[in-house]
Amino acid sequence: MKEENYPEFAQEVSHDPIAQIESYKRQERPVFGYTCSYVIEEFLDAMGVIPVRLIGRATNIQAADRHFQAYCCSQVRSLMEDFLNDAYKSLDGVIFAHTCDSMQPFHDIFKRTFPKVFVKNLNLPSRLDGEVPFKYAVAETKRFLRTIEEFTGKPLDLAKLAETVIVYNRNRTLLERLYALHLKYPEQIPSRLLLQSVLVSQYRDKREANRHLEPFVDSFKVDAPEDTKRKRIMLVGNVNINEEIYDLADEFGAMIADDDMCTGRRYFSTQVAEPTIEGVVRRYMNRPHCAAKHRDNYSRQRYLLELAEKRRINGVIFFYLKFCDPHCFDYPDLKKALDGKGIPSQMIEVEQSLAPSGQLRTKMQAFVEMLSV
Amino acid sequence: MADQNPKALKDLKSNMRLRKIMQKYYLKAKLSWLFRKKICWITSGGPVELLIALGVTPIYPENHGAMIGAMKMGSELCDVAEQMGYSRDLCSYFRADVGQAVTKRSPIKGLPRPDFMLCCNNICGTVLKWYEVQARYYNVPLIILDTPYNYDGETPELISYVSDQFKEIIPELEKVSGRKFTEKKFLEVAEYANEAITLWNEILSICEHVPAPMTCFDAFFYLAPIVTLRGTKIVVDYYKDLKKELTYLADNNIAPFPEERFRLVWDNLPIWFKMRRLSKTLSNYGACLVGDTYTNAWADNDINPEKPYETMARAYATIYLNRNVESRIENMIKMLKKYKAHGFVMHSNRSCKPYSFGQLDIKDEVTRRTGLPGLMIEADMTDQRSYSDEQIETRIQAFIETLKEREV
């Protein structure tokens, strides 16, 4: 059997989520798109549905202007445009989760605009601290699961859930290993492969994603030393599918060594400890959290500083899709905390775009040059 | 036939009395340390009844933001926050609040420092982040009441969650305030709050009368006590008298404008720094804003003394801004009918995203179902930089033409 070229596979899948949905439809497997990484994939998967992450790809917003003002977040506008252009017509349903002031009305408007689409919402709490929000998250999840039964016709099978949890935890371990190997083999595992691999996990059935990723990470020796020549950058932000920032880091002699992105570590960090409904919910409450959620006043600051120290980060780029309020609120204090540790940072705000940008190149070059290893 | 008398409304005893009430409120707040009272910053949709029952002074940064906006200090204070790295796309109340905290500049020379903060996210997710920022700045405890958005209406899970949080929050409030919570005092406060809410609802309903004795620009002004002093006897007494005065004007057909040719309903927060000019522009065309969705948001929660936590949970979890777009469509249609309106004006407010996103769909649907036209103007509640006189007045003029055509 011909040995697979994993980077090529990852590139192909991550560049075309719609083709992935179509391929499952040809196999007559039901597919739900989900808008946020707080939608608990394990439950959908265990109920026989393939969950596929929805990230806006449209860059020329026209039809969505009839629903959202120009000061609405790029992810919402872009995704709405995709749907209005019928890009996701093969989906069997769309699942939302509560996050921010833009996604919230997006759910309502989406439901109105596409009345024939099966749309459900997992209304997880904004508070992630303590047992009261956890108790609600479990109760709300059970309510949500009853609404999914309207589609599947049968309740969640706990034995199936336990099997699914093993697959998802495996996927998280593999991505964790890939991130660690990237620090040792930055040439063979370029920065963009981190993003592409996370997107593969978000777009493909996890069993398949694991089957492709596992031999690739197994092919590297784990005891090799970490690279010490490249400057280490950490990306912090919301969702991103633009590879340019990763490529520019590599090109200028640095690397994206780690991240706190929804299309990165936030997605796969933290394992499910117990294969039950409560155990799975607990993982989503405990994982590194989105800026729209609250654990305590310093939880994100603490987490970023710990990660930066662990990865020996030389600089941080706050990479935000425009009009993302929760992240913009956090930025000045996070920057201050990094300044306090002597870690330089820069904020770059972008509209959803897949095209190379001269401005981004200039900013990255200047930033990398100023970093010291 | 209306008896036009703009002075009649201006001369109401309630106007001067309100100024005095608010001056006294801020003065007492600033001197809280003298009375050994703790200060709590609270969001406008927050459960102030708990604070009043504990003898804590509530302070509303949003009310202060409105004051900053009305005094046209918004842009300069927002600019201070922007210099600190806060994006101009963030809520202008928040930016102005950061600006006033750092500079102590504002119409009342800054808000008194909080001892702790109480944030209820039933109005937006913004307040959650805003209060995190300010709790770090002042290094004070932050207590959060999380009220999930009503995507699928009011669910039992949601009500239990909010109700459970009340039971959790009360001991925390006792700890930070150093005062003992008693249910007896709380029920007394809740009764005042209920009475004030009923009165406020009745006051707003007086504008169903044709001609309306006041506009929503006046209602924005009279709103301050129900927001800041809800749960006290002062508010109840004040609204009783205001209701009497406004009822007298309505009964005698005394209206502030010479002509009430077009009755309109307003959606979203006011543009605080343009109230006078907008009011004048509209009245020049014989248009009058007789009702609004914003002031009505404080007119419909009710605490039942038999089940105080459950009903308080329901009241706080289901306030207007926490309801889904479908409910907002129904509400707008109901208001247009109630106020016998000829159309509606929507303020697409860059600073209030949950209020503004959805407006484009609401506008289309309301017009489709009622046949009434709507106008959307893009501005900001506090930051003058996001406002263009010419552009907005041209749009108003065009809208009035549409209304005129419909008269024929």
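Along the principal axes, the C-alpha atoms of chain B fill a box of roughly 65 × 50 × 45 Å.

Residues are numbered from 1 along each chain as its sequence is written, and chains are lettered from A in the order in which they are written. Because the model is predicted, local features need pLDDT of at least 70 and side-chain atom pairs count only at pLDDT 80 or more, whereas totals for chains, interfaces and linings use all residues.

Of the 408 residues in chain B, 54% are buried (20 or more other C-beta atoms within 10 Å of the residue's own, with C-beta atoms placed from the backbone). Contacts are counted where the C-beta atoms of two residues, placed from the backbone, lie within 7 Å. Among contacts in chain B between residues at least 6 apart in sequence, 78% join residues at least 24 apart.

Strand β4 of chain B (residues 116–120) is mostly covered, with five of its five residues buried. B:F116, B:L118 and B:C120 lie on one side of β4(B), and B:M117 and B:C119 on the other. Two strands are taken to pair if DSSP finds at least two bridges between them. Strand β2 of chain B (residues 39–42) runs parallel to β4(B) and is joined to it by three bridges, with B:C40 opposite B:F116. Strand β5 of chain B (residues 142–145) also pairs with β4(B) in the parallel sense, over four bridges, and here B:C120 stands opposite B:L145. From β4(B) the chain passes through helix α7 of chain B (residues 126–138) to β5(B) in a right-handed β-α-β crossover, that is, a path running clockwise from the first strand over the helix to the second when the strands point away from the viewer.

The contact between the chains takes 39 residues from chain A and 41 residues from chain B. On the side of chain A that touches chain B, the elements giving two or more residues are α5 (103–113), α6 (131–152) and α14 (325–340) of chain A. The largest share, eight residues, comes from α14(A).

Methods:
A residue is buried if 20 or more other C-beta atoms lie within 10 Å of its own, exposed if 12 or fewer, and partly exposed in between; C-beta atoms are placed from the backbone.
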